[in-house]
Amino acid sequence: MTETQNPPNSYRSQPDERGHFGDFGGRYVAETLMPLVLDLEKHYNAAKADPAFKAEFDDLLEHYVGRPSPLYYAERLTEDVRSNAPEGKGAQIWFKRDELNHTGAHKINNCIGQILLAKRMGKTRIIAETGAGQHGVATATVCARFGLPCVIYMGARDMERQQPNVFRMKLLGAEVIGVESGARTLKDAMNEALRDWVANVHDTFYIIGTAAGPHPYPELVRDFQSVIGREARGQMMERTGRLPDLLVAAIGGGSNAIGLFHPFLDDADVAMLGIEAAGEGLKKKHAASLAGGEPGILHGNKTYLLQDEDGQIDEAHSISAGLDYPGIGPEHSWLSDIGRVEYDSCTDEDALAAFQQLCRTEGIIPALEPSHAISAVVKRAAEMGKDKIILANLCGRGDKDIFTVADALGVEM
Amino acid sequence: MTRLSKSFLSDRAALVAFITAGDGDTAANLDALVEGGADIIELGMPFTDPMADGPAIQLANLRSLAAGTKTADIFAIAKDFRVRHPNVPLILMGYANPMVRRGAQWFADACTDAGVDGIICVDIPAEEDDVLGPALRSADIANVRLATPTTDSERLPAVLEGATGFLYYVSVAGVTGKQQAAQASIEDAVAALKSQTDLPIAVGFGIRTPDQAAAVARTADGVVVGSAIVEIIAEHGSNAAPHVHGYVKSLSSAIHAARK
């Protein structure tokens with residue numbers, strides 16, 4: 001699938017005016033929604049140029065979300081890796097602590113941006129889809145903060161495995177609607193949210209949770225999440241006087257990863273690694289769209305999808321509800337095809353091991369999503385010299401996952 | 001004159017009837033549609049993620065896929081239909097991914113081979129025409145576009161550019177099979193579209209009774225009925241054909257009695 005292309009002058013100038021990242025992205029939506037996404041694009045472009053919009057966004061991130069999030073040198077994890085690594089090996093491991101954000105994940109960055117857009121556009125009702133429930137909680141949170149009614153679509157299966165988040169959303173005043181169609185996970189929740197949106201076009205704003213969907217969503221979600229990478233870049237320069245050698249982030253739709261990567265894309269010496277969920281293994285049930293998928297069209301964009309030879313979408317599987325999606329944001333598809341970012345995958349089993357390793361070495365309970373990234377970090381660190389620096393995005397905390405982990409480890413609670 | 005253009009008459013509206021391929025006894029149901037008086041057939045291509053459809057057609061998609069329907073089966077159904085009904089236009093309706101999976105040219109060639117007259121793709125708007133439109137046009141397969149209550153006058157020319165066959169007016173902002181639009185809003189919309197295009201205008205979404213069909217037939221060139229037929233198939237399974245025939249007959253009789 002990969003075509004040989006000349007490297008662009010900048011990796012940060014995508015998408016084009018039609019919302020295309022190379023061959024990917026675009027606006028594949030029903031005609032009813034097309035005028036809405038064009039209107040959203042118009043308002044987003046105006047907001048980007050408005051200093052007042054940026055000022056309000058920055059103010060809320062600082063005083064409500066708690067940014068900047070810390071940049072943390074994981075000394076004990078680094079030592080743990082070095083104790084098992086060949087002589088001279090064992091790169092420094094640093095974490096961007098986005099799990100310390102209000103609501104416990106990076107998702108809130110994007111929700112603040114989108115609800116400010118919704119307000120600007122005069123919309124009076126908010127809908128969203130959620131997988132792990134982190135985006136649902138973040139959306140319900142900003143809706144409570146701004147006094148807007150909120151409907152969250154969540155796969156019925158995800159509701160079972162993420163009950164604490166379902167209760168959180170309800171406490172925050174959101175209506176949570178269980179989706180019974182398909183595999184009853186994130187993909188089906190997104191279908192149902194799109195059906196709601198098409199039937200409520202006049203008053204409803206759809207807060208998409210990841211850097212996917214029709215243009216301009218992949219762009220605006222990336223822009224709102226890029227605060228992660230901008231902060232990390234500044235913090236790393238201040239603390240170490242140089243840029244990291246490798247960035248690592250977990251990928252479901254890919255919003256935390258693109259948020260970390262994007263501000264570094266034109267730094268030629270910074271390598272990047274996105275980690276998809278390999279579930280039970282790439283030859284079995286998994287959620288690795290780049291590793292096991294092919295380009296196709298779903299949920300408003302062209303991107304790599306898990307699908308059969310007729311274009312029917314396969315059901316994804318990951319122990320992490322937040323990664324359990326058969327597609328990936330279109331910018332990642334492009335970055336993969338042109339080779340700027342490397343993508344790999346991590347199984348449920350390896351993610352569980354990394355989850356426990358971080359708990360014990362650093363006193364941090366990570367979410368299962370970044371546990372996939374941590375597993376890769378540990379492996380890569382052992383192959384890199386001690387003078388190298390790896391920066392990984394710790395994009396969510398693991399409180400929501402303790403029941404899933406207990407179950408996987410055979411512990412009765 | 002194509003099969004499709006011949007089926008839009010000057011003195012009465014055409015009945016456009018939808019069923020999902022592979023849901024129930026599709027060949028028998030297609031024959032029932034034609035014998036009941038359907039002028040144009042819309043054959044739905046099942047998709048795992050029919051996000052523009054309401055519960056009735058969603059379930060039909062899932063039943064069809066659960067029964068093992070493949071893209072090759074859909075074209076086989078179309079090809080057999082063309083042999084039995086050489087003069088009745090057949091349109092494939094569905095979502096982008098199954099249509100573009102093997103490439104636009106492959107899909108256009110398969111349509112030609114099966115005698116398919118046109119396609120309606122829910123999630124390829126005019127802005128993304130490149131992904132399928134050029135291949136269809138060069139193969140003379142009609143590329144039926146959708147206009148909706150949110151399609152304003154500024155946007156309509158872009159929708160009409162490259163639209164062929166007829167224009168499908170989605171009368172409700174919503175999913176299929178839910179509610180029907182007010183008659184007055186349909187009349188206004190059809191008049192506005194007519195002022196901008198010579199393409200026939202077919203109106204769909206939420207039409208289920210003969211009276212509703214007749215009312216729409218007085219203004220539009222075509223009346224599209226889908227979910228109501230699909231519900232009959234859901235109820236009667238593989239023995240649905242006589243019931244489909246009876247229902248479609250009631251629609252076509254009402255439309256024939258309602259002069260434009």
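Reader: What makes the four strands β7-β6-β5-β8 of chain A an open sheet, and how are they paired?

Author: In this predicted model, the four strands of chain A follow the order β7-β6-β5-β8 and their pairing is parallel. The edge strands are β7 (175-179) and β8 (204-206) of chain A, each of which pairs on one side only. Neighbouring strands of this sheet are turned against each other by 25 degrees on average, with direction ignored.

Reader: How do you know that strand β6 of chain A is joined to β7(A)?

Author: Two strands count as paired if at least two bridges are found between them. Strand β6 (residues 150-155) of chain A is joined to β7(A) by five bridges, and the two run parallel, so the pair meets that requirement. A:Ile152, for instance, has A:Val176 in β7(A) as its bridge partner.

Reader: What makes B:Asp140 count as buried, exposed or partly exposed?

Author: A residue is exposed with 12 or fewer such neighbours and buried with 20 or more, and partly exposed in between. B:Asp140 has 13 C-beta neighbours inside 10 Å, so B:Asp140 counts as partly exposed. This residue belongs to the loop between α7 (133-138) and β5 of chain B, and, while not a glycine, has a positive phi of about 60 degrees.

Reader: Which peptide bond ending at A:Pro216 is called cis, and what is its omega?

Author: The bond that joins A:His215 and A:Pro216 is cis, with omega about 15 degrees, and A:Pro216 is found in the loop between β8 and α9 of chain A. The peptide bond from A:Gln14 to A:Pro15 is also cis, with omega near 0 degrees, and A:Pro15 sits in the segment before β1 (20-21) of chain A.

Reader: How are the domains of chain A bounded, and where do their centres lie?

Author: The domain assignment gives domain 1 (20-63 + 107-221) and domain 2 (67-104 + 223-408) of chain A, and the C-alpha centres of these two domains lie 22 Å apart. Their contact takes 42 residues from domain 1 and 40 residues from domain 2 of chain A. On the side of domain 1 that touches domain 2, the residues divide into 19 nonpolar, 15 polar and eight charged.

Reader: Which residues of the largest nonpolar core touch the most other members?

Author: Of the 224 residues in this core, those with the most such contacts are A:Val248, A:Ile390, A:Ala392, B:Tyr169, B:Val223 and B:Ile229. The core draws at least three residues from each of domain 1 and domain 2 of chain A. With residues up to four places away in sequence left out, B:Ile229 touches B:Ala17, B:Phe18, B:Ile19, B:Val244, B:Tyr247 and B:Val248.

Reader: How many residues of chain B are in contact with chain A?

Author: There are 32 residues of chain B in contact with 28 residues of chain A. On the side of chain B that touches chain A, α5(B) gives the most, with four residues, and by class this side has 16 nonpolar, eight polar and eight charged residues.

Terms used: Residues are numbered from 1 along each chain as its sequence is written. Chains are lettered from A and ligands numbered from 1 in the order in which they are written. This is a predicted model: local features need pLDDT of at least 70, side-chain atom pairs count only at pLDDT 80 or more; totals for chains, interfaces and linings use all residues. Axes are lines fitted to C-alpha atoms, for helices over the stretch in contact, and angles run from 0 to 180 degrees between N-to-C directions. Two residues are in contact if their C-beta atoms, placed from the backbone, lie within 7 Å. Ala, Val, Leu, Ile, Met, Phe, Trp, Tyr, Cys and Pro count as nonpolar, Asp, Glu, Lys and Arg as charged, and the others, Gly among them, as polar. A nonpolar core is a set of buried Ala, Val, Leu, Ile, Met, Phe, Trp, Tyr and Cys residues joined through C-beta atoms within 7 Å. Domain bounds come from an automatic or database domain assignment.
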